[in-house]
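Subject: Structure handover

Hello,

Here is the structure for your files. My notes on it follow below.

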Amino acid sequence: MESVTVPVSEGTRVYLNFSVSLEDGSEVDSNFGGDPVDFAVGDGSLLPGFERRLFGMTAGERQMFSVPPEDAFGQPNENNVQYLPRDQFEDDVELEIGLVFSFADAGGGELPGMVIAFDDKEVTVDFNHPLAGRTILFDVHVHRVEPAELH
């Protein structure tokens, strides 16, 4: 049986190594040097803006994409910066700029927020994704593409 070259598209399962870094070169995440990860296109594993860039790639290809904030983690939203009363935090908590706390969201999930300012009365917490507003460099090496199993 001949092996058919299947490009990444809807209905495929993709095996790849990737790295995500910022324009200044600092690496955010990478699995190069480890086993490839696999996912089915459209299963929500990858942000749509990253996934779309893989379309048409085939096994053995490696590409670097520059993904603008709109296709990555969005632009920061000033509504995501909240001012919380200082007494919502335990007295023994040493507040620091850059400290990340986990807050319960309305749906009962966990929402990370980063302290960006504080004084005796109020703590300013930024709930924007830490990579919001950033252009992401997405380095991808596709190892295998196959039709996704229909479950």
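The largest pocket has a volume of about 160 Å³. A pocket here is an open set of points on a 1 Å grid over the protein atoms alone, where a 1.4 Å probe fits and protein lies on both sides within 12 Å along at least five of seven lines. Grid points are joined across faces, edges and corners, and the volume is the space filled by probe spheres set on the points.

This is a predicted model: local features need pLDDT of at least 70, side-chain atom pairs count only at pLDDT 80 or more, and totals for chains, interfaces and linings use all residues. Residues are numbered from 1 along each chain as its sequence is written, and side-chain values use heavy atoms, with hydrogens and water left out.

The residues that line the largest pocket (an atom within 4 Å of a point) are Phe18, Val20, Val28, Asp29, Leu46, Leu47, Phe50, Phe73, Leu131 and Phe138. S1 and strand S2 (27-30) are the elements that give two or more residues to this lining. Strands are DSSP runs of E, at least two residues, numbered from the N terminus. By class, the lining has nine nonpolar residues, no polar ones and one charged; Ala, Val, Leu, Ile, Met, Phe, Trp, Tyr, Cys and Pro count as nonpolar, Asp, Glu, Lys and Arg as charged, and the others, Gly among them, as polar.

Thr12 belongs to strand S1 (residues 12-22). Thr12 has a relative accessible area of 3% and is therefore buried (under 20%; exposed is over 50%, with a 1.4 Å probe and protein chains only). Its side chain reaches the backbone oxygen of Ser9 at 2.7 Å. Beyond four places in sequence, the residues in contact with Thr12 (heavy atoms within 4.5 Å) include Phe39, Val41 and Pro147.

Asp24 sits in the loop between S1 and S2. Asp24 counts as exposed because its relative accessibility is 59%.

Strand S8 (residues 122-126) has four of its five residues buried, so the rest of the structure largely encloses it. S8 runs antiparallel to strand S5 (residues 81-85), joined by five bridges (strands pair if DSSP finds at least two bridges between them). In this pairing Tyr83 stands opposite Thr124. S8 also pairs with strand S7 (residues 110-118), antiparallel, over four bridges. A hairpin of three residues joins S7 to S8.

Regards

Key:
Polar contact = N/O pair within 3.5 Å; in protein donor to acceptor, adjacent residues only side chain to side chain.
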